[in-house]
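Below is a brief report on one model.

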Amino acid sequence: MKLIILDRDGVINMDSDHFIKTPDEWKPIPGSLEAIARLNQAGYRVAVATNQSGVGRGLFDMAMLNTIHTKMHKALAQAGGRIDALFYCPHAADVKCACRKPLPGMFLEMAARFNVQLSAIPAVGDSLRDLQAAAAVGAAPMLVKTGKGTATLNAGNLPEGTLVFTDLAEVVTHLLAQ
Ligand SMILES: [Mg+2]
Ligand SMILES: [Zn+2]
């Protein structure tokens, strides 16, 4: 089974320093939904791992997060795509949970859910912590320059072997050419 792990904000949808708190604030990055559909068609299972500390900070609640995700799933379905598993960490940083990236808790849950090894599984993110979580489980970190990606690239210190792409569409073109 082919699995790919995606971050949400800055990879699938536009990032915001003020959090995505409502469905209206959730806006897809051009080409990202079609890219996920291409992955599905090529036999990839698509899993999303997203830090959503806005819940823990009280900026929005779980019901609102679910409403935002309903919008995402509908928009994706219209593009012919599907997310097979969605994991989120709702905790604020001070909770010291095991799921908030850069810790790999969500990735380990995925490995258990899909019963797969994570070594060399592509893991796409726009922040250093996404890449660090990927590297922690031996997945293949891939940085996109959308969202916080350009700033992440400029800050350096990327895990060894990190591949850099313009956006998710370019990641998918790369993967499907292999
Ligand atoms: Mg992100
Ligand atoms: Zn957590």
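## A helix pair and a loop

The model is predicted: local features need pLDDT of at least 70, side-chain atom pairs count only at pLDDT 80 or more, and totals for chains, interfaces and linings use all residues. Residues are numbered from 1 along each chain as its sequence is written, while chains are lettered from A and ligands numbered from 1 in the order in which they are written.

**The helix pair.** Helix α1 covers residues 32-41, and helix α7 covers residues 168-176. Their axes come within 8 Å and cross at roughly 20 degrees. Axes here are lines fitted to C-alpha atoms, for helices over the stretch in contact, with angles from 0 to 180 degrees between N-to-C directions. Helices (H or I, at least four residues) and strands (E, at least two) are DSSP runs, numbered from the N terminus. The crossing of α1 and α7 is left-handed, meaning that the near helix is turned anticlockwise from the far one by less than a right angle; clockwise would be right-handed.

From α1, the contact takes in S32, A35, R38 and L39. Facing them in α7 are L168, A169, V172 and L176. Contact means C-beta atoms, placed from the backbone, within 7 Å. By class, the α1 and α7 contact has six nonpolar residues, one polar and one charged. Ala, Val, Leu, Ile, Met, Phe, Trp, Tyr, Cys and Pro count as nonpolar, Asp, Glu, Lys and Arg as charged, and the others, Gly among them, as polar.

**The annotated positions.** An unreviewed UniProt entry places the feature "binding site" at C89, H91, C97 and C99. Such annotations may be inferred rather than shown by experiment; positions follow the numbering used here, and feature names are shortened. H91 lies in the loop between β3 (85-89) and α4 (105-114). C99 is in the loop between β3 and α4 as well. Leaving out residues up to four places away in sequence, H91 touches S53, G56, C97, C99 and R100. On that basis, C99 touches C89, H91, G105 and M106.

**Burial.** A residue is buried if 20 or more other C-beta atoms lie within 10 Å of its own, exposed if 12 or fewer, and partly exposed in between.

| Residue | C-beta neighbours inside 10 Å | Class |
|---|---|---|
| H91 | 18 | partly exposed |
| C99 | 20 | buried |
| A134 | 30 | buried |
| K96 | 9 | exposed |

**Backbone details.** What is the peptide bond from K101 to P102, cis or trans? It is cis, with omega near 25 degrees. P102 sits in the loop between β3 and α4. K96 is in the loop between β3 and α4 too. K96 has a positive phi of about 60 degrees, although it is not a glycine. N157 also has a positive phi of about 60 degrees without being a glycine. N157 is found in the loop between α6 (149-155) and β6 (163-165). With 9 other C-beta atoms within 10 Å, N157 is exposed.

**A134.** Helix α5 (residues 128-136) holds A134. Beyond residues up to four places away in sequence, A134 touches A123, A139, A140 and P141. The C-alpha atoms of A134 and K2 are separated by 16 Å, and the two residues are 132 residues apart along the chain.

Technical notes
Two residues are in contact if their C-beta atoms, placed from the backbone, lie within 7 Å.
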